[in-house]
Amino acid sequence: QVQLVESGGGLVQPGGSLRLSCAASGIRFSIYNMGWYRQAPGKQRELVAVITSGDRIKYADSVKDRFTISRDNAKNTVYLQMNSLKPEDTAVYYCNAGTSYYSTTPGISWGQGTQVTVSS
């Protein structure tokens with residue numbers, strides 16, 4: 001059974017930083033593309049970043065040069081380092097296993113989400 005557990009969310013002031021983590025179990029983590037999505041109130045869930053099993057990376061235009069996705073296959077964990085946070089980054093952030101790099105279609109496995117709130 002696949003389990004994805006996110007952590008690291010919270011309240012931060014504009015311009016601040018947070019690092020999200022997603023610990024995976026029940027899958028052969030190293031062969032999976034991993035993605036971070038977010039969903040703001042009243043909006044559709046959108047892809048933030050994806051990292052392939054071969055470490056190819058793609059970002060949404062809105063987070064380029066501010067966010068960094070990375071993975072540690074030894075720890076079965078994917079990270080999202082978020083810098084220069086803006087109020088519009090406020091959302092629930094979800095980890096996804098099996099994200100398509102080309103179509104950005106999510107895989108079937110999701111975490112429970114972690115709330116990120118950027119506010120002064």
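The torsion about the S-S bond of Cys22 and Cys95 is about -80°, so the disulfide is left-handed. The structure is a predicted model, in which local features need pLDDT of at least 70 and side-chain atom pairs count only at pLDDT 80 or more, while totals for chains, interfaces and linings use all residues. Residues are numbered from 1 along each chain as its sequence is written, and side-chain values use heavy atoms, with hydrogens and water left out.

The sulfur atoms of Cys22 and Cys95 lie 2.1 Å apart. A disulfide is called when two cysteine sulfur atoms are within 2.5 Å. One disulfide is counted by this rule. Distant parts of the chain are linked by the pair: Cys22 sits in strand E3, Cys95 in strand E9 (residues 91-97), and 73 residues separate them. Strands are DSSP runs (E, at least two residues), numbered from the N terminus. Cys22 is buried, at 0% relative accessible area. Cys95 is also buried, at 0%. Buried means under 20% relative accessible area (1.4 Å probe, protein chains only).

Strand E3 also belongs to an open sheet. Four strands make up this sheet, in the order E1-E3-E8-E7, with antiparallel pairing. Its edge strands are E1 (3-7) and E7 (67-72), each pairing on one side only. Pairing requires at least two DSSP bridges between two strands. On average, neighbouring strands of the sheet are turned by 15° against each other, direction ignored. Axes for this angle are lines fitted to C-alpha atoms, and angles run from 0 to 180 degrees between N-to-C directions. E1 pairs with E3 (residues 18-25) in the antiparallel sense over five bridges. Leu4 has Ala24 in E3 as its bridge partner.

Terms used
Buried < 20%, exposed > 50% of the residue type's maximum accessible area, 1.4 Å probe, protein only.
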